[in-house]
Each structure stands twice: as C-alpha cells, then as structure tokens.
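Biologist: Can you bring up the model for me? I'd like to go through the core and the salt bridges.

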Amino acid sequence: MAALDASRPTRLTIPAIGVDTAGIAELGLRADHTVEVPADAETVGWYTHSPTPGENGPALLAAHVDWQGRRGVFHGLRELAPGDQVTVERADGSAASFTVHRVEQHPKDRFPTQAVYGHVERPELRLVTCGGHFDRDAGSYRDNIVVYARMSGSRHPDGPSG
C-alpha cells in the first residue's frame, strides 16, 4: 500500500465500536516525557511527534476509556479484533483506511515503546487508551490497551485509489 503525503487527521471512524468523532486534537509531550492526553472524554488526540495517519511509520491516536465519570471515546477499544476497520479522514480531503491486526493489553510500567513508536516500513496506526484494573489510590488505570493496524486502502479527494 502506497503511503500518503503528510496531512493532519481530522476525523476518526471505527464502526465495530461505534466511534465517529471529528475535531482531532494535537498532543505533544508532557514535562515527564510521556504523551499528553486529551482534555475530555470525547476528544481523540494525534501525537504530533508521530507520522500523520497514512504516512509511512506508526501514527498514534489516543483517547480516554473514561474521564471524570463519563464514558470515553475509546471505551470499547479493547473489544476490537483482527479484521476490524478504522478510517482516518485528513485535512487534505483524503482518507486512510486501516485494518486491525492485533490488540494487546500491557501494564503501564511495561509499555511496549518500541512496538508502538518504532520504525516500520509502511503506513500503520496505533490506537492507545487505558485499561485493566482501576487503581483508586493512584487515580488511574494500571494498564494500556494498544491496537495495531495496517493501512489497507486510501481515498483521495478526486476518487478512490486502493
């Protein structure tokens, strides 16, 4: 699958879990060198130090499983399965389609940094949220859910290409 040029993500749809959200926020790094998180339950964020979805490399989108008692946009992320489809619309009018190939859960202290951020030769997508047991004392989940997907098609403003 040919990579697309860089273009900021603008909308994410994941039919299998009922996600259809626009207005994707930009996420950078916090002072402790961890990725920022979206400011509310409804927002998906794109990590700006990763490729844009459709470019070669692992693009990263993150959202909350829940936030301040509200169900988060990635609440159902752990339910995705190989073969499920994810589409990211982009600012240039194109869209990149991805097919899930694995879903994993990892303790936060053993986050698979290389697998999530490491170099890959093709356009891929990583979807990340919290999961596992909620630690009330720490006020956070103990694990992360990571969905790995590969680009399986694209649509350009002037028509489909694959």
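Predicted model: local features only at pLDDT ≥ 70, side-chain atom pairs only at ≥ 80, totals over all residues.

Biologist: Which residues touch the most other members of the largest nonpolar core?

Modeller: L12, I14, F74, L125 and L127, out of 26 residues in that core. By nonpolar core I mean buried Ala, Val, Leu, Ile, Met, Phe, Trp, Tyr and Cys residues joined through side-chain atoms within 4.5 Å. Buried is under 20% relative accessible area, exposed is over 50%, and partly exposed is in between (1.4 Å probe, protein chains only).

Biologist: And which strands each supply at least two residues of this core?

Modeller: β1 (9-14), β5 (57-62), β8 (85-90), β9 (95-107), β10 (123-135) and β11 (140-156). β11 gives the most, with four residues. Strands here are DSSP runs (E, at least two residues), numbered from the N terminus.

Biologist: What does L127 touch?

Modeller: Leaving out residues up to four places away in sequence, L127 touches I14, L61, F74, L77, L80, V86, I145, V146 and V147. Contact means heavy atoms within 4.5 Å. Another core, of nine residues, lies apart from the largest one and includes Y47, L60, A62 and Y148.

Biologist: Switching topic: where does S152 lie, and is S152 buried or partly exposed?

Modeller: S152 is in strand β11, and it counts as partly exposed because its relative accessibility is 32%. Its side chain makes a polar contact with the side chain of T99 at 2.9 Å. That term means a pair of N or O atoms within 3.5 Å; within protein, one must be able to donate a hydrogen and the other to accept it, and residues adjacent in sequence count only if both atoms are side-chain atoms.

Biologist: OK, how many salt bridges are there?

Modeller: Nine, taking a side-chain nitrogen of Lys or Arg within 4 Å of a carboxyl oxygen of Asp or Glu. R11 pairs with E89, with the closest N and O atoms 3.5 Å apart. That pair links strand β1 to strand β8, 78 residues apart.

Biologist: What else is linked with R11 and E89 in a network of salt bridges?

Modeller: D20.

Note on methods:
Residues numbered from 1 in each chain as written. Heavy atoms only, no water.
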